[in-house]
Every structure is written in C-alpha cells, then in structure tokens.
Amino acid sequence: MKMKNNHKKLTDCIDADYVRNQIWFTRKRIKRRAFVLVEGTNDIGFYKSVISKDNTEIIPMGNKTKVIDTIKVLNAGNVKGVIAIVDSDYDRLLGIEMEEKNV
C-alpha cells in the first residue's frame, strides 16, 4: 500500500498576507530593508548573486500568478520597498504587457 504524501511545499503556504506580515515584522527590526518577490526557489540563487544581500530579502512565491497577485495587494496597501521579478515566459510573443507597478 502506497502512503499519500500530504506535505506541502513551503511556497504553497506563502501568499499576500504572509508576505505583508513578513515585511511588517522584518521592518520592525530592520528599518531599511528591501524585498524582492520571485517565482520559485530556483530564482533565489541567481538573484542573490546580483542583488545586495545586506539590505534585501528575496521571497519565493511559488509561481508567477502568486507573485503578481501579491504585488497588487502590496501596491494597493501602499507598501514601499517591494518589487516583483517574473519571467516573461511567452508573454512578449503573445503580446501580453505587464502593467502592474513594481513588476
């Protein structure tokens, strides 16, 4: 009998509320901190090599939709110091433009 794996990936638990709270609690301790939302954990290694680790926290969201939905919530709440980086995938070929601020 095969046991079902009920474990979730960490990124399955990350959403806009989680990120907003993480930013709030981090900024209570470290005032000058920037945050970068990325699609997945594989993106962290690359961006750590090009972004200052001292003042920046990289947060993997799990997928492109979650990144965009989260930055929309943060923009609506006027949360400063957060950007989102997503892969263009086939968007450019399909003529899909990203019009959300901070992406």
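There are 4 salt bridges in this structure, and since we are looking at a predicted model, I will describe them as features of that model. Let me start with the pair R20 and D17, which form a salt bridge whose closest N and O atoms are 2.2 Å apart. Both residues sit in helix α1, which covers residues 16-29, and because they are 3 residues apart there, about one helical turn separates them. R20 is partly exposed, at 35% relative accessibility, and D17 is partly exposed as well, at 42%.

Now let us turn to K64. Its side chain meets that of D89 in a salt bridge, at 3.5 Å from N to O; D89 lies in the loop between β3 (82-85) and α4, whereas K64 belongs to helix α3 (residues 64-76), so this pair ties together parts that are 25 residues apart in sequence. K64 also forms a salt bridge with D91, and here the closest N and O atoms are 2.5 Å apart. Since D91 lies in helix α4 and K64 in helix α3, this contact ties together parts that are 27 residues apart in sequence. Through these shared partners, K64, D89 and D91 are joined into one network.

Finally, a word on the surface. Y90, L93, L94 and I96 make a nonpolar surface patch of about 520 Å². Of these residues, L93 is found in helix α4, residues 91-94, and L93 is exposed, its relative accessible area being 72%.

Terms used. Residues are numbered from 1 along each chain as its sequence is written. This is a predicted model: local features need pLDDT of at least 70, side-chain atom pairs count only at pLDDT 80 or more; totals for chains, interfaces and linings use all residues. Side-chain values use heavy atoms; hydrogens and water are left out. Patches are made of residues with over 30% relative accessible area and no salt bridge: like charges are joined within 9 Å, nonpolar side chains (Val, Leu, Ile, Met, Phe, Trp, Tyr) within 5 Å. Accessible areas come from the Shrake-Rupley method with a 1.4 Å probe; for residues, only the protein chains shown count as cover. Helices (H or I, at least four residues) and strands (E, at least two) are DSSP runs, numbered from the N terminus. Buried means under 20% relative accessible area, exposed over 50%, partly exposed in between (1.4 Å probe, protein chains only).
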